Amino acid sequence: MGFSLSHYPCFLCVIVLLPLLCKCQDTFTYSRATYYGSPDCLGTPSGACGFGEYGRSVNGGNVGAVSRLYRNGTGCGACYQVRCKIPNLCTEDGMRVVVTDHGEGDHTDFILSQRGFSMLALPKMAADLFAYGVVGIEYRRVPCQYPNSNILFKVHEHSRFPDYLAIVMLYQAGLSDITAVEIWQEDCQEWKGMRKSYGAVWDMANPPKGGVNLRFQVSGRGGGQKWVLLRDLIPADWKPGFSYDSAFQLDY
């Protein structure tokens, strides 16, 4: 049986409820962290998540690269509380980092921006912490928080109108992972899956003409999944490099 978007009168429909999720992981994981250099101590716009400038400056530049937590790009955009374990140098609460890149260090789970690494330290103790190079840490995943911001869908600069569409989601709050993205193909009356290109970038060759009706699958820690439907999200005359407001935000 064909599927028609006319069955969905609302702008956004949520399908299949997730079980109730806690607000963060219950326990910390012990590991190690180091840092990388950049001219302004922030992140890099060329990170493996494909975020561009957002990956340099989001969260005040408190960003980082991960290896095991990258999860083939599914971990892009996730937030973690990281705190170091050197007495008299480290703050009690540590800092919140956003994953924007992939990288492997000396048995580390995090390679932080210099700005992020400095946030682990007590006031006026950052230089002493940098001298260690690699430090013992503990971390746990926590909800990303972007007050007064909706999820933005950015048409990646590598897109070519109208033959190739690549998108990346920015300012995704909460604890959930995006595991699939599909576009509604009106002429065939079916959903067509986008390809996970790399990092947080999803793409499709020869996308359907007209305005883009899109849905994405959200997976939570409890194993539940749901689809979020956004109608007329991206206009028919979409442009590479432009971002489009979803008028929606995740809170789980």
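Is phenylalanine 110 buried or exposed? Phenylalanine 110 is buried, because its relative accessible area is 0%, where buried means under 20%. Keep in mind that you are looking at a predicted model.

Phenylalanine 110 belongs to strand S6, which covers residues 110–113. Leaving aside residues up to four places away in sequence, phenylalanine 110 touches a whole list of others, among them Arg32, Ala65, Leu69, Tyr80, Val97 and Tyr139.

Now step back to the protein as a whole. Its secondary structure consists of 3 helices and 16 strands. The radius of gyration is 19 Å, close to the 18 Å that the globule rule gives for 252 residues, so the protein is as compact as a globular protein of that length. Along the principal axes, the C-alpha atoms fill a box of roughly 65 × 40 × 30 Å. Of the 252 residues, 52% are buried. Among contacts with a separation of 6 or more, 73% are between residues 24 or more positions apart. The protein exposes about 11,800 Å², and carbon and sulfur atoms supply 52% of that area.

Next, find one of the sheets. This open sheet has 5 strands in the order S12-S13-S9-S8-S16, and their pairing is antiparallel. Strand S12 (195–198) and strand S16 (243–245) stand at the edges with a single partner strand each, so one side of each has no neighbour in the sheet. From one strand to the next, the twist averages 35 degrees. As a general point, strands of a sheet pair through backbone hydrogen bonds.

S9 (residues 164–170) pairs with strand S13 (residues 201–205) in the antiparallel sense over 5 bridges. Here isoleucine 167 stands opposite tryptophan 202 in S13, and alanine 166 has aspartate 203 in S13 as its bridge partner. Strand S8 (residues 152–155) is also joined to S9, running antiparallel to it, through 4 bridges. In that pairing, lysine 154 has valine 168 in S9 as its bridge partner.

How many of the residues of S9 are buried? The count is 7 of 7. In a regular strand the side chains alternate between the two faces of the sheet. Both faces of S9 are covered, with Tyr164, Ala166, Val168 and Leu170 buried on one side and Leu165, Ile167 and Met169 buried on the other.

Definitions and conventions: Residues numbered from 1 in each chain as written. Predicted model: local features only at pLDDT ≥ 70, side-chain atom pairs only at ≥ 80, totals over all residues. Heavy atoms only, no water. Pairing = 2+ DSSP bridges. Helix = DSSP H or I, 4+ residues; strand = E, 2+ residues; numbered from the N terminus. Axes fitted to C-alpha atoms, helices over the stretch in contact; angles between N-to-C directions. Buried < 20%, exposed > 50% of the residue type's maximum accessible area, 1.4 Å probe, protein only. Contact = heavy atoms within 4.5 Å. Rg over C-alpha atoms; globule rule 2.2 N^0.38 Å. Areas by Shrake-Rupley, 256 points an atom, 1.4 Å probe, with all protein chains shown as cover.
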